[in-house]
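Subject: Structure for you to look through

Dear colleague,

Here is the structure I promised to pass on to you. Please open it beside this email and keep it in view while you read, as the notes below follow it piece by piece.

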Amino acid sequence: MGSISAVLYNCYDLGGGDPMAEGSVAAVMDTVNVAITGLLTTAQECHADLKSNKGLLLVTSSGIGATDIPPPMEEFVVGLNLTGYCVAKAAQQKLTSQLAFKLKPDGFQTQARWHLCRNCVCKWHGERNQV
């Protein structure tokens, strides 16, 4: 295999859905480990190649992990039992932001992308997330 110039980190887990269920703490931590430990390990292992190629680390994030979603949307998400996934994606978004600034001097980009609706005007996003 040759040198790595781009990485798409798209790993996720749906464990830890019900925060009040027995064993949910371990399940949420397993989900967070996929999002955070996996991403950080990937960034570390690919760092030299991405630096030399001025490459890209792209992280598939999720709006479901945003901390500012409207209450009706939050209530809907709670009904889906995705607590672990939501926590993991929120943490992953923060890690991606931190990596972007930390690795910028190395000449490669680190980005998270989650909003896939072009010119979205749905009731959850309104005008603010237009692409």
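**What was found**

C11 is placed in the loop that runs between β1 (6-9) and α1. Please bear in mind from here on that this is a predicted model. With a relative accessibility of 38%, C11 counts as partly exposed, because that class lies between under 20% for buried and over 50% for exposed. Leaving aside residues up to four places away in sequence, C11 touches V34, K89 and Q92. C11 can also be compared with G38, which is 27 residues away in sequence, while the two C-alpha atoms are 7.9 Å apart in space.

**The whole chain**

The protein has 131 residues, of which 33% are buried. Its secondary structure comes to three helices and three strands, and when you read along the sequence these follow the pattern β-α-β-α-α-β. If you take the contacts between residues at least 6 apart in sequence, 70% of them join residues that are at least 24 apart.

How do helix α1 and helix α3 lie relative to each other? Helix α1 covers residues 24-53 and helix α3 covers residues 83-103, and the two pack at an angle of about 20°, with their axes 7 Å apart. Because angles under 35 degrees count as roughly parallel, α1 is roughly parallel to α3. The crossing in which α1 passes α3 is right-handed.

On the α1 side, the residues that take part in this contact are V28, T31, V32, A35, I36, L39, L40, A43 and H47, and on the α3 side they meet G84, Y85, V87, A88, A91, Q92, L95, T96, L99 and L103. Sorted by class, the contact of α1 with α3 has 14 nonpolar residues, five polar ones and no charged ones.

**A closer look at α3**

Helix α3 has 21 residues, which at 1.5 Å a residue should span 30 Å, and this agrees with its end C-alpha atoms, which are 30 Å apart. The buried residues of α3 are G84, Y85, C86, A88, K89, Q92, L95, T96, L99 and L103.

One of these buried residues is L95, and its relative accessible area is 16%. Not counting residues up to four places away in sequence, L95 touches I36, L39 and L40. L95 and L39 are 56 residues apart in sequence, yet from C-alpha to C-alpha they are 8.6 Å apart in space.

**Two residues with positive phi**

Which loop holds K54? K54 sits in the loop between α1 and β2 (56-60), and its phi is near 50°, a positive value in a residue other than glycine. K54 is exposed, with a relative accessible area of 61%.

N81 is found in the loop between α2 (71-79) and α3, and although N81 is not a glycine, it has a positive phi of about 55°. At 41% relative accessibility, N81 counts as partly exposed.

Methods
Residues are numbered from 1 along each chain as its sequence is written. This is a predicted model: local features need pLDDT of at least 70, side-chain atom pairs count only at pLDDT 80 or more; totals for chains, interfaces and linings use all residues. Side-chain values use heavy atoms; hydrogens and water are left out. Axes are lines fitted to C-alpha atoms, for helices over the stretch in contact, and angles run from 0 to 180 degrees between N-to-C directions. Helices (H or I, at least four residues) and strands (E, at least two) are DSSP runs, numbered from the N terminus. Angles under 35 degrees count as roughly parallel, over 145 as roughly antiparallel, 65 to 115 as roughly perpendicular and the rest as oblique. A crossing is left-handed if the near helix is turned anticlockwise from the far one by less than a right angle, and right-handed if clockwise. Contact means heavy atoms within 4.5 Å. Ala, Val, Leu, Ile, Met, Phe, Trp, Tyr, Cys and Pro count as nonpolar, Asp, Glu, Lys and Arg as charged, and the others, Gly among them, as polar. The expected span of a helix is 1.5 Å times one less than its number of residues. Buried means under 20% relative accessible area, exposed over 50%, partly exposed in between (1.4 Å probe, protein chains only).
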